[in-house]
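Please keep the sequence and the model open while reading.

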Amino acid sequence: MSVQDELTSVQRCLDDLYRSVGRLEQQIGSGGLDMRRVRADADHLRESVALLREGAVTRSSTKRPELVPIPDTPYDDSLWTDSDDEGLGARDRRAP
């Protein structure tokens, strides 16, 4: 499943939870501390999933950088003929 499918599934489950909490609240009453805590937790879960959805949209819209393959074969030695060794200077001269 893709991330969007998973988030949609989680959203459906949260909607079911929210409806169940509403029915439970009607039966028990909303005055108790425990019921208020359950309602607040359900609201926080909804907010968290909404944030995840926003983050998934921005991540999917950004392009990944193109990978550049690096071959396993050794480099051509002629690439290094005029190069300096870092901190040592040129190969045919002495360091000061």
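What does the accessible surface of the chain come to, and what percentage of it belongs to carbon and sulfur atoms?

## Chain overview

The model is predicted. Its accessible surface comes to about 8700 Å², and carbon and sulfur atoms account for 55% of that area.

The chain has 96 residues, of which 14% are buried. Its secondary structure consists of two helices and zero strands. Taking contacts between residues at least 6 apart in sequence, 54% link residues at least 24 apart.

## Helix H1

Helix H1 covers residues 3-28. With 26 residues, H1 spans 37 Å from its first C-alpha to its last, close to the 38 Å expected at 1.5 Å a residue. After H1 comes Gly29, which has a positive phi near 105°.

Which residues of H1 are buried? They are Leu7, Gln11, Leu14, Val21, Gly22 and Glu25. In an α-helix there are 3.6 residues a turn, so residues three or four places apart point the same way.

## Val3

Val3 belongs to helix H1. Is Val3 buried or exposed? Val3 counts as exposed because its relative accessible area is 55%, and the cut-off for exposed is over 50%.

Terms used:
Residues are numbered from 1 along each chain as its sequence is written. This is a predicted model: local features need pLDDT of at least 70, side-chain atom pairs count only at pLDDT 80 or more; totals for chains, interfaces and linings use all residues. Side-chain values use heavy atoms; hydrogens and water are left out. Helices (H or I, at least four residues) and strands (E, at least two) are DSSP runs, numbered from the N terminus. Buried means under 20% relative accessible area, exposed over 50%, partly exposed in between (1.4 Å probe, protein chains only). The expected span of a helix is 1.5 Å times one less than its number of residues. Contact means heavy atoms within 4.5 Å. Accessible areas come from the Shrake-Rupley method with a 1.4 Å probe; for residues, only the protein chains shown count as cover.
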